[in-house]
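Reader: I have some questions about how the labels in this model were reached. Please set each value beside its cut-off.

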Amino acid sequence: MDILTKLFMVFWKIGTFAFGGGMAMLSLIEREVVANYHWISKDTFIDIIGISQMTPGPIAINSATFVGFTSAGVAGALSATSGVILTSFILVSLLHHFVSKFKDSKYLKLALAGMRPAIIALIFSVFIKLAWTSYSSIKGGIIALIAAGMLHYKIHPILVIVASAFLGIIIGM
Amino acid sequence: MKKIIEMFLCFLRIGAFTFGGGYAMIPLIEKEFVDNKNWISKEDFVDIIVLSQSLPGALAVNSSLFVGYKIFGVVGAVLALLGVVIPSFTIIIVISLLFVKFRQNPIVNSAFNGIKSAVPMLILFAIISLGKSLKKNVPTITILLISVFLLLYFNLHPILLIIFSIICGIIFLERNV
């Protein structure tokens, strides 16, 4: 299987099972793109999460485009991005006449209720994996605490990331 | 013809200004298509958002597709999606080129090391806010604990965990929904 097909298939898989928003999708991306296929390193993965906060667009699109592009140029970016949206396109095409009916579906509600704790667990596992990589120095810990403080006071994530970038430069990380 | 171009440009604008995740897009879509243009009713819009959050994939993608379908059928859906995706796609390609070129620069490197320290905190806060809205009954907490265990100890694949949790939800959570 050539790289373009692989990119398409892997991101299709990611887009099909990514319930619960961008953060939950991160665990799928980490597992497939970083751990299985090594298309980007864990460090680059963290970089792209940060970049995604500062750029428009959902993390799904941003990471698909980035990974696709760095692996196989524009064709790669197109393959990965088409893959990640494919299932959405299919499902919406099937359901768009039945929106109010489906949103009230009993089985959907039960499935979602079951998924919610799992999604939290997934995001927690990403946190553990990334914190392990990031927090190996005191300087890192200081920036983390400052970031946490900013988030606690409801400062927008974009500003938090920008601030952490500046702090990184200033304290010479 | 004019309406469809207008819709596309609108989504292009929304796509260019939605930072920090799909949720930020919701008020933008509402303002443009419900309030200003009145191409969708408030009720239909709310239904779309609820279903979009429940389906897999990015909220931004699902909701723009639904809205596009509502306004102009399949052509509308495709154009809405293109509008939302094109700005990110282009910007990320530019950034990727810069990234490859400048990532090793010492100043850029320091900046990213700073970012690296902040990112796990973003994730942690996402967990906290989701945790707050989680129904805290025994079956749900049990699924949570089992999930954490399966992920961290057995390194279970996220997809398998999701399937497992859907099954658990259907079997065990009827009383608690």
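Reader: What makes helix H4 of chain A short of a straight helix?

Author: This is a predicted model. In it, helix H4 (residues 59-95) of chain A has 37 residues.

Reader: Where is the kink in H4(A) centred, and how many degrees is it?

Author: The kink is centred on A:Ala72 and comes to about 150 degrees. That angle is taken between axes fitted to the seven residues ending there and the seven starting there.

Reader: Why is A:Ile29 called buried?

Author: Its relative accessible area is 1%. Buried means under 20%, so A:Ile29 qualifies. The residue is found in helix H2 (residues 21-36) of chain A. Leaving aside residues up to four places away in sequence, A:Ile29 touches A:Ile14, A:Val34, A:Phe45 and A:Ser63. Its C-alpha atom is separated by 9.6 Å from that of A:Gly15, which is 14 residues apart along the chain.

Reader: Why does B:Gly68 count as buried?

Author: The cut-off is under 20%, and B:Gly68 has 0% relative accessibility, so the label applies. This glycine is found in helix H4 of chain B. Residues up to four places away in sequence not being counted, B:Gly68 touches B:Met7, B:Gly73, B:Gly76, B:Ala77 and B:Ala80. B:Phe8 is 60 residues apart from B:Gly68 along the chain, and their C-alpha atoms are separated by 9.0 Å.

Reader: What makes A:Asp43 and B:Lys116 a salt bridge?

Author: The closest N and O atoms of A:Asp43 and B:Lys116 are 3.0 Å apart. The rule asks for a side-chain nitrogen of Lys or Arg within 4 Å of a carboxyl oxygen of Asp or Glu, so the pair meets it. Across the interface of chain B and chain A, the rule finds 4 salt bridges. It also finds 13 residue pairs in polar contact there.

Reader: Which helix gives the largest share of the side of chain B that touches chain A?

Author: H5(B) does, with 21 residues.

Reader: How many residues are in contact between the two chains, and what is the area buried?

Author: 80 residues of chain B are in contact with 92 residues of chain A. The area buried between them is about 7,900 Å², and carbon and sulfur atoms give 81% of it.

Conventions:
Residues are numbered from 1 along each chain as its sequence is written. Chains are lettered from A and ligands numbered from 1 in the order in which they are written. This is a predicted model: local features need pLDDT of at least 70, side-chain atom pairs count only at pLDDT 80 or more; totals for chains, interfaces and linings use all residues. Side-chain values use heavy atoms; hydrogens and water are left out. Helices (H or I, at least four residues) and strands (E, at least two) are DSSP runs, numbered from the N terminus. Buried means under 20% relative accessible area, exposed over 50%, partly exposed in between (1.4 Å probe, protein chains only). Contact means heavy atoms within 4.5 Å. The expected span of a helix is 1.5 Å times one less than its number of residues. Buried area is the accessible area (1.4 Å probe) that two parts lose on being put together, summed over both. A polar contact is a pair of N or O atoms within 3.5 Å; within protein, one must be able to donate a hydrogen and the other to accept it, and residues adjacent in sequence count only if both atoms are side-chain atoms.
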